[in-house]
Amino acid sequence: MMQNGQGNRRWAVVSLLVAAGATVWLLLGFALLAPGSAQAEPVSRTISQSEPVTQAGVQTEVMTAQVVVQLDAKQALVRPITFTTPISGLTALLRTGLDVTVAETSFGPAVCAIEGAGCPVDDCFCDANRYWSYTNWDGQAWQAYPVGASQSMISNTGALEGWRWGEGENPNLAAPQAVAAADALAWLRSRQEATTGGYGDSLSGAVEVMLALGANNESMAGWKPDSGSRSLADFVRLRATRYSRQGAAEAGKLAVAQTAADGCRTVRSLQPTAYFSTTAGVFAPDSGFNAWGILGTLALSQTVPPSTVTALAAQQQPDGGWEWQPGFGTDTNTTAVALQTLLATGYPITATEVVSGLAFLQSGQQPDGGFAYDPATPENGSDANSTAYGLMALNAAGEDAGGADWTVGGKTAVDFLLSLQLPDGSLEWQAGTGVNLMATAQAVPALLGRSYPLTVETLPLCRR
């Protein structure tokens, strides 16, 4: 375990570059090393410790910064940090509490992986084409530092630091999106009830919050109010069984949320497969919409009955959209969930159902960049929930949500979501409607570039 106070240690971030067919190691801020000049030695994962905000009764100024970590093309994380004296970029990364894997080399420790993305500690430079790049936000774009992360110095509050695993230098996610997501999460935490650890009496609001914090790789076990001892995990554990027994959609959505937020399964909770009808070949044949049941089954790393996917695709309407119940009429929310589901099951983005579904979403995009719930009634305007779900469908399809195809009057869906965020970090459903928990929670995965399911794993049973 490495400590922050080792000011005389020489830290470095190593970028693996390929130029003109020759592989070289570039040690940022130091000399260019020849291939093979550095040998990696395993060291443990490193998480830094927080600095005190007071020393010997003397109050010190607490500064803040945001660290944005792009793990891959579809997953970005943001972590706020605090500091009282200037710190290096590497110290800032360690202070996030993320799992940072480093290897000891002849030129000092080198970053191998963050949150499991990257290379193993015993083969830190395993990929000749991808590496961890380190940048900062200058107000318009991510810019490469002229020195390495051990040599950079953060001395002002409000700094935005970027790390990206992949080819090229810059994180994919624009800093304003990441900051907006972090502010929304901070507001959600501030609204957590001290006595229960939840959000209202029912589990519906808590599930939305679970999806939001899971999108940022945060655990609901550590999600506690400032006052009170009950966590969000405690709240969910007491109510999960009843919620899962409400139907296939609830069981599926709960499964997606629990796997994303490090949850557990209560003994009597129903999984989506409990609602599968062997006769009809679908989940909850009375609902007419299989998507959440499929997503929940995928999230739980279980086999999805092919007939359910066939049925979902067949439920697409002539206008390219999907409807929640037969006769309800098509809407962008249901369509966005259906598209994420089909793509998650392996549908190619060139499939007719996907192309037509995206065209339906596009018909619902308004001049403010947002999406309306019903494209047939544009006079009702864009709203946060429809826009967030629409963005997630674009993320799933690999669409450039900021590109020309998804820009109307110079505005994008992200622009619209950002316009709805209030100074306290919450989002409104529509402008002037006031703070809205669901709008705030659903915006977070969209802003972080995510789509459903967020995580795929087997849920452990809850401990008593």
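This is a predicted model: local features need pLDDT of at least 70, side-chain atom pairs count only at pLDDT 80 or more; totals for chains, interfaces and linings use all residues.

User: What span does helix α5 reach from its first C-alpha to its last?

Analyst: Residues are numbered from 1 along each chain as its sequence is written, and side-chain values use heavy atoms, leaving out hydrogens and water. Helices here are DSSP runs of H or I with at least four residues, numbered from the N terminus. Helix α5 covers residues 248–260, and its span, close to the 18 Å expected at 1.5 Å a residue, is 18 Å.

User: How many of the residues of α5 are buried?

Analyst: Buried means under 20% relative accessible area, with a 1.4 Å probe and protein chains only. Among the buried residues of α5 are K253, L254 and Q258. The cover includes α3 (204–215), α4 (232–244) and α10 (384–397). Of the 13 residues in α5, the number buried is 11.

User: Which residue with a positive phi follows α5?

Analyst: Helix α5 ends at residue 260. The residue that follows α5 has a phi near 60°, and it is D262.

User: Is L343 buried or exposed?

Analyst: L343 lies in helix α8 (residues 332–344). Leaving out residues up to four places away in sequence, L343 touches P348, I349, V354, A396 and A397, where contact means heavy atoms within 4.5 Å. Because its relative accessible area is 15%, L343 is buried.

Definitions and conventions:
Helices (H or I, at least four residues) and strands (E, at least two) are DSSP runs, numbered from the N terminus. The expected span of a helix is 1.5 Å times one less than its number of residues. Buried means under 20% relative accessible area, exposed over 50%, partly exposed in between (1.4 Å probe, protein chains only).
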